[in-house]
Amino acid sequence: MTSPHRLVVIGNGMAGARLVEDVLARANGDRFQVTMFGDEPYGNYNRILLSGVLAGTQQPDDIFINPLDWYTDNNVTLHAGIGAARIDREAKVVYGSDGRAEPYDTLVIATGSVPFVPPFENLAPTEPAHGPGPYKDGVYVFRTLEDCERMLARAADVKSAAVIGGGLLGLEAARGLSGRGLEVNVVHLMEHLMEMQLDRDAGLMLQKSMESLGVKVHLGKATTGLLGNGSVTGLQFKDGSTLDCDLLVVAAGIRPNVALARSAGLEIKRGIVVSDGMATSDPSICAVGECAEHRGLVYGLVAPLWEQTAVLADRISGRVEDKVYEGSRTSTKLKVMGVDLAVMGEKQSRDADDEVVTYAEPGRGVYHKLIVRDGKLVGAILLGDTSAAPALQQLFDRSTSLPESRASLLFPMGDAPAQLSAADMPDDAQICNCNGVSKGAIVGALRNGCKTFKAVCDATRAGTGCGSCKVQVKAIVEAVAGDNLQDDPAAHYYVPGVAMAKRELIGAIKDMNLRSVSQVFDVLAAGREDPGSKAGLASLLKTMWGNDVVEERDARFINDRVHANIQKDRTYSVVPRIFGGVTSAADLRKIADVADKYNVRMVKITGGQRIDLLGLTREQLPEVWKDLGMPSGHAYTKAFRTCKTCVGTEFCRFGVGDSTALGIAIEKRFQGLESPAKMKLATAGCPRNCSEATVKDIGAVAIEGGRWEIYIGGAAGAHVRKGDLLTTVDSQDEVITLTGRFMQWYREEAKYLERTYDFVPRMGLERVRAVIVDDAEGIAARLDADMQTTVDSFVDPWLEAHAPVHPSQFSQVLEPAAVPVAVEVRASRAEALAFRGAEAGR
Amino acid sequence: MTAPAAVDVVETHCPYCALQCGIVARTSPTLSVVGNRAFPVNAGALCAKGWNAAAVVDHPERLREPLARDRAGRLVPVGWRYALDRIALGIRDTIRTHGADAVGILGSGALTNEKAYLLGKFARVAVGTANIDYNGRYCMSSGAAASNKAFGLDRGLPFPLEDLEHADVVLLAGSNPAETMPPFVRYLETLKGRGGALVVIDPRRSATAQLATIHLQPMPGTDTALANGLLHVLLRDGLANQPYIERRTEGFAKVRAVAAGYWPELVERITGVPEKKLVEAARLLGTSARGFVLTGRGPEQQAQGVANTLSYINIALVCGFPGTEGSGFGILTGQGNGQGGREHGQKADQLPGYRSITDPAARRAVAGVWRVSPDSIPGPGKSAYELLQSCGTEGGVRALFVMGFNAVVSSPSANEVATRLASLDFLAVSDFFLSETAKMADVVLPSAQWAEEDGTMTNLEGRVIRRKRAVAAPLGVASDIGVIVGLAERLGKRKWFAYDTPEDVFNELARATKGAPADYSGITYAKIEAQRGVFWPCPSAEHTGTPRLFLDAFATPSGKARFHAVKHKLPAEAPDKEYPLYLTTGRVLAQYQSGTMTRRVAALNAMSGTAVAELHPQTAARLKITDGGRLTVKTRRGSVEVTAKVTRDIRPDTVFMPFHWPDEQSANRLTNDALDPISRMPEFKVCAARVDPLVKDSTKAPGSTDLGPVLRDLSKDTRS
């Protein structure tokens, strides 16, 4: 086995560390023994982000691309904080600043660049002990994390800063310091800012934008010296004027860092001269990055650096031994003082054959310039608005032929094509993608007699897939049908037979004092009785008027007519009220006696902690009630059902709240309360939640400190939903008040048969909380009062045992043969069939 | 096997995608379907594929008897006994001359759990070959590998779909459910209705992207750069969920360092996504209390599919989503039983229950149930594409048995795959129709369809559901289970395949997964019916299933989720002067996968009947192509002729093609067969292509209902 190839890299910055990563990505780790020298005492960080650190938008910890453990993980020896002092090309050894020797097979120089600081007068510290650097206190260059940290330390204590240099780096420094609250002056020798990247017009516009942000710009100013003795206090200009400052950043440009290479005798021009293979004049030594000069160019942007490291890594690793670097097309994108700027390639046209496209909008600080040569993009400046940059960048990078309309380059015609209105759409426009339904098909359905939105959907299958097209289908239906359109009753009406939403319906019933279902039909539905609407209306009237309703028993389901629950064999079940599930020996004895006397076929403890007597005939019901002498448990109707409880505090070792007493109080207060759909409640004495209060329509759970959490909208049936925490209260009384308030609001706002688990999400928990807890709509007192009225008017229906409402109420004889059994609206015919099918299949 | 008498209404599931929408199938007067409102996943909704599910059952082109190639090279009807004898002979001859590993078996994510399980057992016990894999390799392998690496377990969605509705933000990366699984979009609509945001990442402004609050439209093949850019902004802006990262994850420091190298300006340059939108999306994610990150085939079907998926997982972890109730990371499975299909042992490296075939304990456990010696179970075999590549080569697969996998249309570099199949000694295919792959076979078996047999499927949520028999299969059509049992018998292994019903198979499957990652041991047909589905794992009779995974701990040894530092790499093939555009592929709503079923349904062809290539107007204008014009798309692997669809929905540097069509319209003749190093997933989603206007006469109407090619192919021996 051959010994590993010794790769030594001088420089641990954006180019040096990247090169090592690139090599390792291309070769087995054990093929190379990699050693690196780095001036700075830590791993490699992202120098691009230093301006973010200065501005405070980036944390120093977040800019490290290769923290120290990266080097150990990858078996790279990093001499952190140790620069390279000398190269012995004969012996192929690099000596570190601490004298250590590292022999190499291949050496890569990636020493980057150093800031250029002109020889200003009074630049040096007055005495050597004053300050750590070669400059006067308060004077900085902007190159390293350390520079950045020192600048920040001073910025915290001073008021004004000057930046010498109106190029990219200077403006980044100005942005950072301005963001830290300093008054910033930018001093620039040239006639406009960023002359390397921008043309004059763009430079002036950028200046305006910067000045509007509070940065002062001084153009054409040559600095000759610094003012101040210990620390810098100002600048002296060639024209005799001066400028005060407490902090100075010198950003007058950078120079390739070639000192080491020069002393090693490598060929140097502006930078270390490299071939297309990135080799220096010594074939064992390569150079990459800002220190290298390739085909006469030195690059200072990160993208070209990385293109160079990729080429060199291909060669070193042997993946593509003859890979060549042919130079880079430069472009950059940045924010200058929060002003977006993107520049690519050339900034000025070369000759009259070049096509120059410009667009300027000085009011918004927007300036665009494209240079097109032979139908291809060779240069671009986008200032103030860079939204076209990603697309232009690609056209520039790949030298793609441009579309004829140059405007379309600068103003991409929107992501979204303009939406045609429903009326303007052609007939073949596809509306429902899921089922391939065109506008024409929807129009056809309307012509063929569909009168509602729902009918159109059923007929065409539009909207039956993902449902996203419903808005469009509605718009077409409305546009085409116009006045002939019937709105979809299921969507808005409380019941299909009366064309009113619930609120409107309640208003009308109140206004006209309607007390019976048939009155409602007469007055509000032109006398057209809709059997499917009767039960809902009866429920609503009961909610509104309590006992002051003119009962019309055919408006109600059989269950509500005979106050018992019809079973599949047409017998009935009777559930007496047992408040909070707490009973007594005497009551149990009564129940047992009834069970014996009437030959009850099954005695069953229900899920709600009650006792169900099953298999009774209709005629037996009044007698059973009389014998029981207990109130109705309302196990049959759309109403408050039961409040399940746990043992509470009296006996339970864990209980922290008396859930039993609370449950009984709730059940006593709200028994028989009619509502849009059934309501199952529970109270739990501790968060162990034995009574499952968090999956009830309303549940109260005791927590430490005598407090109660109230949950609403829970369910544990065919649909399972964890209740939402409405609020936490301090007392049982508050639980009862809020429970009643919520129930009343639900009674008023919910659709018929809409359980709380649909109601709460539909209203949104925030809204429910606002109304019930915070009284944001100012109706709490009214809700409480209406609930009190309802509670006061409660009459136990089983008292009808003593006086039947009409002679045949409990006799089988007059009952029509085909009584519709209560049908849950949620179950479609298809489902009903499905269940039957499933049963048959078993 | 005798079937129960057909009933007139049956609650079952759609035969297509992984959503497995509940349907109610009515059997009289003819088979028809409606959405099942009682099934929570779709609550009655169906897309056009589902509505038309009945049309494939009683279809005139349906295979109704076995076919075998005669001496003249024609496929002719034969009896079942002959067909099975001939397959068994092909297998036995190959084992004798080349060894058992020269027999290859390819299964499918469309098979029921029972069939997938049985096919895996058949390969290992009856044939003794290591070389079994399935078409899910092209679907979920990258996502599954990434999930296993990050969370220690792969269940596509470790939470029920209903959780999506309550989130503040959902990020969908490279998935187009508005076309691939439309009823899924109802959850997104509800989310938006509640004020939640939808972020979509897709090089196309797809039907789903059009619903997005923010659409990021990156260059194909730049997912990791984009995800790392999002990560950078999340960290930069202090939006990382630090307590979660400390408590529930490991490996963050390295990811943070990688993110430092992906600042927004750079990411914009790599991906083409404007910095402003990147930052906007990151802030949406980072400021949401409840959120989801979901990936699809976009990032996964690449040679860096696993890395791409891991980069999106990193985002979810930094936001603290995975394993948090009401939040999460998930992968949207594509095929109907893509989930169950990868759990029960038809994957080259796995045994039932998601057990590793190299784990001695797993081998012992399964061997015990199978009543074989652990040593007799072969080791890991070749992945699907590598298996196909080896066909007919020295030391490769010589005889291949394929069940429900139309490899000639769905594999990358499809021309090469057809050549390989043609060089086999023996090929047998079981399918409903004479698929493009079946056309090349020596024996073709007609298989029963979704409405004709019982079984279970596992949908994208890990919910095990019942597929139920509604009608009797046509005379002459057999269940795949019967086929496997019949072949096992002919290979002298009947004793190990003693089943009377699919339920018998399921019960054995359940035992074989006891204690495994995907533990089905507590699931029974009765429990599935009673609960309308059971989420695995369900380890005991009393257990009701596990809708949400990872709430307490992840399935890694430490219980923590793992970050993985991943960097952007160029796709295997980048555009150049000769092939200057990216080609990316995907699906359209009215067609499904290789189109074997949907291309035969008139109602679906009326919506999308032929392949198209989507081009941006700028690109089209440059190439002098007009909307509706004919063009060729060419790559280094092949060339196709399709119709141009000029639309602003695609990036100017990219051409998009759906992959459902065969022959001259086959997108997969173009795609790149570069494989992910870990998942062996081919790079379907990005390669270099060129587009040229087609000048020659275009009167020949392209159409999948044209039977010409089928008949022509039947009349010649493709392997001569």
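**Exercises on chains A and B**

Chain B holds 24 helices and 30 strands, where helices (H or I, at least four residues) and strands (E, at least two) are DSSP runs numbered from the N terminus. This is a predicted model, in which local features need pLDDT of at least 70, side-chain atom pairs count only at pLDDT 80 or more, and totals for chains, interfaces and linings use all residues. Residues are numbered from 1 along each chain as its sequence is written, while chains are lettered from A, and side-chain values use heavy atoms, without hydrogens and water.

**Exercise 1.** Compare the radius of gyration of chain B with that of a compact globule.

Step one: the radius is taken over C-alpha atoms, and the globule rule is 2.2 Å times the number of residues to the power 0.38. Step two: for 720 residues the rule gives a value near 27 Å, and the 24 Å of chain B agrees with it. Step three: the C-alpha trace of chain B spans about 70 × 70 × 55 Å along its principal axes.

**Exercise 2.** Describe the open sheet of chain A.

Start with the order: five strands run β11-β18-β12-β13-β14 in chain A, with parallel pairing; two strands pair if DSSP finds at least two bridges between them. Next, find the edges: β11 (139–140) and β14 (216–218) of chain A each pair on one side only. Then zoom in: three bridges join β13 (residues 183–187) to β14 in chain A. Finally, pick one residue: A:Asn185 has A:Lys216 in β14(A) as its bridge partner.
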